[in-house]
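Dear colleague,

Please find below the structure that I am handing over to you. My notes on it follow directly after.

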Amino acid sequence: SPIPDYLAEALLSVEADQSGQTADYIPELASADPDRLAVAMCTHDGRLYSQGDCDQAFSIQSISKPFVYALALADRGFDEVLEKVSVEPSGDAFNEISFEPGTGRPLNPMINAGAIAAHTLAGPRDATPTERTSRIIHGLSAFAGRQLTVDNGVYESEITTAYRNRALANMLRANEIIGGEPLEAVVGYTRQCSLLVTVEDLAMMAATLANRGVNPVTGAPVVPAPVVRQVLSVMATCGMYDGAGDWMTRVGIPAKSGVAGGLIGALPGQAGIATFSPRLDQHGNSVRGVDLFRRFTSDMGMHLMEVP
Ligand code: GLN
């Protein structure tokens, strides 16, 4: 297959770019090796290709959001989830304190406010916070096709300074979007963000979305097809935060970034792609990751608005 050579060449073409900064509001991420670089691609029928630092594990961070949103939709149904979290692009930063006037709902599940709410909607209604978090860890592991584990160092590092996310959870509680103790929602959400993954795991998770919710390697049906349609639509409009419009026009596939430097894209019916490079742009998206995806779009005609 020409794919491994192509991926290796793509990494070489972006390797020298040192622009951007690692996330500094989470101390463990600030000290990560910024030069790491990896890419993986998994086809809808389960062929996996990877290059670069593809064994390097890093925390999933916000890339967990679309998958947890998917679990919430599958567990509670569309009506219940949509009543609590809208699907409108916010055009704001990922951690913006913003709620829809009138309803008090977060604008979408890709920004932190909406992701914390979606976290509380995964699993059965009467689940304890611990049961909910374990449902999420199992669910994300099913997307990846292997058991994922939490990086406790990253978790501790983030939770001790998570003042902004605590503020968001308190607002969600005041707006009656979430129930229970707000801090427990932040604890669970932060654990979810601290799950360790490699680019191969992420490519597999994205490929499960590209394959109608069925993991292409294990064959496990993780979430139903209508849930996948909803999740990919929200990724396309909101996945790259205030960089979403630029992304959709230039790259043109549903995507999600994380502050540890991961980035995924899912091309329905075709493949899941993931990159890892820790330096971020002003939106909190990986600089070399965005560059790689732009290159993939022009080389492989991935843009969904283009007739193949
Ligand atoms: N855990 C991070 C936070 O809540 C995730 C943010 C991200 O990856 N964009 O701030």
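Strands S1 and S2 form a hairpin, with four residues between them; in the turn, Gly-46 has a positive phi of about 90 degrees. Strands here are DSSP runs of E with at least two residues, and helices are runs of H or I with at least four, numbered from the N terminus. S1 (residues 38–43) runs antiparallel to S2 and is joined to S2 by five bridges, where pairing requires that DSSP finds at least two bridges between the strands. Ala-38 has Gly-52 in S2 as its bridge partner. Of the five residues of S2 (residues 48–52), four are buried, that is, 20 or more other C-beta atoms, placed from the backbone, lie within 10 Å of their own.

This is a predicted model, in which local features need pLDDT of at least 70 and side-chain atom pairs count only at pLDDT 80 or more, while totals for chains, interfaces and linings use all residues. Residues are numbered from 1 along each chain as its sequence is written.

The chain is divided into domain 1 (3–61 + 195–300) and domain 2 (64–193), with bounds from an automatic or database domain assignment. Their contact takes 34 residues from domain 1 and 36 residues from domain 2, counting C-beta atoms, placed from the backbone, within 7 Å.

Where does the ligand lie? The ligand lies between the two domains, because both give residues to the shell around it. Among the surrounding residues are Phe-94, Glu-158 and Gly-258.

Key: A residue is near a molecule or strand if its C-beta atom, placed from the backbone, lies within 6 Å of it. Two residues are in contact if their C-beta atoms, placed from the backbone, lie within 7 Å. A residue is buried if 20 or more other C-beta atoms lie within 10 Å of its own, exposed if 12 or fewer, and partly exposed in between; C-beta atoms are placed from the backbone.
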